[in-house]
Amino acid sequence: MPNVAAAQATESKSVAAMAPRQEVVVLSGGCFWGIQAVFEHVRGVTEAVAGYAGGASSTAEYERVSTGLTGHAESVRVVFDPTQVSFDELLQVFFTVAHDPTQLNRQGPDDGSQYRSAVWYTTEEQERATKAFIARLTGTKTFSRPIVTQVSPLSGFYPAESYHQDYAEHHPNAPYIAINDRPKVERLRTVLPNLYRDPPVLTTASAANGS
């Protein structure tokens, strides 16, 4: 007589092996519209949610964060499958495509600590990899100015209001998006074509599907 329990255990292991692995990192680099737009186009990213990191939950709302007084940075929580895209590849996108890591407390036209550059790691491995990546960029003089990106443990992430989610996708012709964000997505496509995917994975679509 077959061992049903053993068969079920084997099947469960097989299903687990087939299921996508997921890791999370939170990235800040200016207005979250642009960071989200870029990472929604990165192969292996399963979700990119605009939100706030670095401050308290009680003040994690757009109008208050925009004052620059809450300690938050506009951020994007990136959920990714490391079997499809490595953490170093995500860092390559972040540092060389998605923003300028040499701008202190600003990014392009946006000024204030809420637009600072930061990597909020969720594992010690991510911390080591990020510091090593920054050291390599510094050693190769990739940028003419010092990298000012903060590397900090993630203590909390608070999703932004629904109207911010997928903003660049929903408003492609808005002047801010056309000038500041669409060029970043195009740069991803041309500079790192092996990491680019289209169509993007949208946060609103994930929410509608219950994921």
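Asp-166 lies in the loop between strand E8 (157–159) and helix H6 (helices are DSSP runs of H or I of at least four residues, strands are E runs of at least two, and both are numbered from the N terminus). Its phi is positive, about 55°, although Asp-166 is not a glycine. Asp-166 is buried, with a relative accessible area of 0% (buried means under 20% relative accessible area, exposed over 50%, partly exposed in between, with a 1.4 Å probe and protein chains only). The model is predicted: local features need pLDDT of at least 70, side-chain atom pairs count only at pLDDT 80 or more, and totals for chains, interfaces and linings use all residues. Residues are numbered from 1 along each chain as its sequence is written, and side-chain values use heavy atoms, with hydrogens and water left out.

Asn-105 also has a positive phi of about 55° and is not a glycine. Asn-105 is placed in the loop between H4 and strand E4 (106–107). With 29% relative accessibility, Asn-105 counts as partly exposed. A cis peptide bond runs from Asp-198 to Pro-199, with omega near 10°. Pro-199 belongs to the loop between H7 and helix H8 (203–208).

The largest nonpolar core has 43 residues (a nonpolar core is a set of buried Ala, Val, Leu, Ile, Met, Phe, Trp, Tyr and Cys residues joined through side-chain atoms within 4.5 Å). Phe-39, Val-45, Val-78, Val-93 and Phe-95 have the most contacts inside it. Two or more residues each come from strand E1 (23–29), helix H2 (32–39), strand E2 (45–53), strand E3 (73–80), H4, H5, helix H6 (167–170) and helix H7 (175–191). H4 gives the most to this core, with eight residues. Phe-39 touches Leu-27, Val-45, Ala-48, Val-78, Leu-90, Val-93, Phe-94 and Ala-98, not counting residues up to four places away in sequence (contact means heavy atoms within 4.5 Å). Another core, of seven residues, lies apart from the largest one. Among its members are Val-26, Val-49, Ala-118 and Phe-157.

H2 is mostly covered, as eight of its eight residues are buried. They are Phe-32, Trp-33, Gly-34, Ile-35, Gln-36, Ala-37, Val-38 and Phe-39. H2 packs with H7 at an angle of about 30°, and their axes are 9 Å apart (axes are lines fitted to C-alpha atoms, for helices over the stretch in contact, and angles run from 0 to 180 degrees between N-to-C directions). The two helices H2 and H7 are therefore roughly parallel (angles under 35 degrees count as roughly parallel, over 145 as roughly antiparallel, 65 to 115 as roughly perpendicular and the rest as oblique). Their crossing is right-handed (the near helix is turned clockwise from the far one; anticlockwise by less than a right angle is left-handed). H2 contributes Trp-33, Gly-34, Ala-37 and Val-38 to the contact, and H7 contributes Tyr-176, Ile-177, Asp-181, Lys-184, Val-185 and Leu-188. These residues of H2 and H7 divide into seven nonpolar, one polar and two charged (Ala, Val, Leu, Ile, Met, Phe, Trp, Tyr, Cys and Pro count as nonpolar, Asp, Glu, Lys and Arg as charged, and the others, Gly among them, as polar).

The axes of H4 (residues 87–98) and H5 (residues 124–139) come within 10 Å and cross at roughly 50°. That makes H4 oblique to H5. The crossing of H4 and H5 is right-handed. On H4, the contact is made by Phe-87, Asp-88, Leu-91, Gln-92 and Phe-95. On H5, it is made by Gln-126, Ala-129, Thr-130, Phe-133, Ile-134, Arg-136 and Leu-137. The residues of this H4–H5 contact comprise seven nonpolar, three polar and two charged.
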